[in-house]
Amino acid sequence: MITVGGSAPELVGQPVFGLPFNLATVRARGAVAVVFLASLTTRATQENLQRLTGIWPRIDSEAGGMVLITRSPLESARDFVPRHHVLFPVLVDDSGEASAAWGVGKVGGLAATLLRARPAFLKNALSVWRNGQALPEAHTDQLPASFAVTREGLVSWAWRGTSVNDRLDAEAVWAAMRG
């Protein structure tokens with residue numbers, strides 16, 4: 001598990017749109033926020049994205065950057081990112097390797113069973129309502145997490161959600177990147 005003061009794992013990938021992302025390269029500009037969110041179609045993820053979008057201009061101009069990692073399918077992410085005007089890099093973690101490397105967990109026990117028990121037609125109906133078209137959802141049991149990584153590659157701040165519905169404190173992310 002990633003701890004504050006420990007080294008950040010390597011993180012490289014091709015964002016949904018844009019140039020390849022390499023954490024080591026982006027860190028050269030300054031601190032980087034590494035954010036893991038669940039399926040892009042959930043209300044909690046969309047609210048967390050709104051919060052992150054609010055601090056993005058400050059991060060972009062005064063820090064190294066920010067990257068979002070999701071377990072949503074690539075097709076879903078390619079539709080979601082431009083539709084919701086996400087300006088920072090979004091990586092799709094199909095295999096779950098990045099989530100595992102950073103120690104980002106999944107919901108367990110009864111909560112996980114209830115998440116998986118929702119009928120498919122209900123999930124599709126919610127997706128149509130939220131996004132305008134039916135999109136496949138995956139990994140709805142992924143927990144949110146956020147890390148601030150220093151220029152030197154150390155984790156200076158970490159937050160791990162305990163529920164898929166947890167809301168990220170974007171101002172705490174920004175404060176951690178500055179401090």
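**Which residues are buried in α2?** In this predicted model, the buried residues of α2 are A44, T45, Q46, N48, L49, L52, I55, W56 and I59.

**Figure 1. Helix α2 and its bend at I55.** Helix α2 covers residues 43-62, 20 residues in total. From first C-alpha to last, α2 reaches 29 Å, close to the 28 Å expected at 1.5 Å a residue. The helix bends by about 45° at I55. A proline, P57, follows within four residues. I55 itself is buried, and so is W56.

**Figure 2. The largest nonpolar core, with 28 residues.** Seven residues touch the most other members: V35, L52, I59, M66, L68, F88 and M177. Two or more residues each come from β3 (32-37), α2, β4 (65-70), α3 (74-83) and α7 (170-178). A second, separate core has 19 residues, including A8, F21, V26 and V104. L52 and I59 of the largest core are also among the buried residues of α2.

**Figure 3. Contacts of L68.** Neighbours within four places in sequence are left aside here. L68 is then in contact with V35, L37, L40, L49, F88, P89, V90 and L91. V35 is also the bridge partner of L68 in β4. Within that strand, L68 points the way of M66 and T70, whereas G65, V67 and I69 point the other way.

**Figure 4. Strands β3 and β4 side by side.** The two strands run parallel and are joined by six bridges. L37 stands opposite T70 of β4. In β3, six of six residues are buried. In β4, six of six residues are buried. In a regular strand the side chains alternate between the two faces of the sheet. In β3, V32, V34 and F36 point one way, and A33, V35 and L37 point the other.

**Figure 5. Strand β6 and its pairing with β3.** Strand β6 spans residues 145-149. It is largely enclosed by the rest of the structure, because five of its five residues are buried. A145, F147 and V149 point one way from β6, and S146 and A148 the other. β3 and β6 pair in the antiparallel sense over five bridges.

**Figure 6. The β6-β7 hairpin.** Strand β7 covers residues 155-160 and pairs with β6 in the antiparallel sense over five bridges. V149 stands opposite V155 of β7. Five residues lie between the two strands of the hairpin. In the turn, G153 has a positive phi of about 90°.

**Figure 7. H85 in its loop.** H85 sits in the loop between α3 and β5 (90-92). Its phi is positive, about 55°, although H85 is not a glycine. Most residues other than glycine have a negative phi. Is H85 buried or exposed? H85 counts as exposed, because its relative accessibility is 59% and the cut-off for exposed is over 50%.

**Figure 8. Confidence and the stretch 111-115.** The protein averages a pLDDT of 87. A score of at least 70 is reached by 82% of the residues. Over residues 111-115 the pLDDT is below 50. Beyond near neighbours in sequence, this stretch has five contacts in the model. Where pLDDT is low, the predicted coordinates should not be read in detail.

How values were computed:
Residues are numbered from 1 along each chain as its sequence is written. This is a predicted model: local features need pLDDT of at least 70, side-chain atom pairs count only at pLDDT 80 or more; totals for chains, interfaces and linings use all residues. Side-chain values use heavy atoms; hydrogens and water are left out. The expected span of a helix is 1.5 Å times one less than its number of residues. The bend at a residue is the angle between axes fitted to the seven residues ending there and the seven starting there. Buried means under 20% relative accessible area, exposed over 50%, partly exposed in between (1.4 Å probe, protein chains only). A nonpolar core is a set of buried Ala, Val, Leu, Ile, Met, Phe, Trp, Tyr and Cys residues joined through side-chain atoms within 4.5 Å. Contact means heavy atoms within 4.5 Å. pLDDT is the predictor's confidence in each residue, from 0 to 100. Two strands pair if DSSP finds at least two bridges between them.
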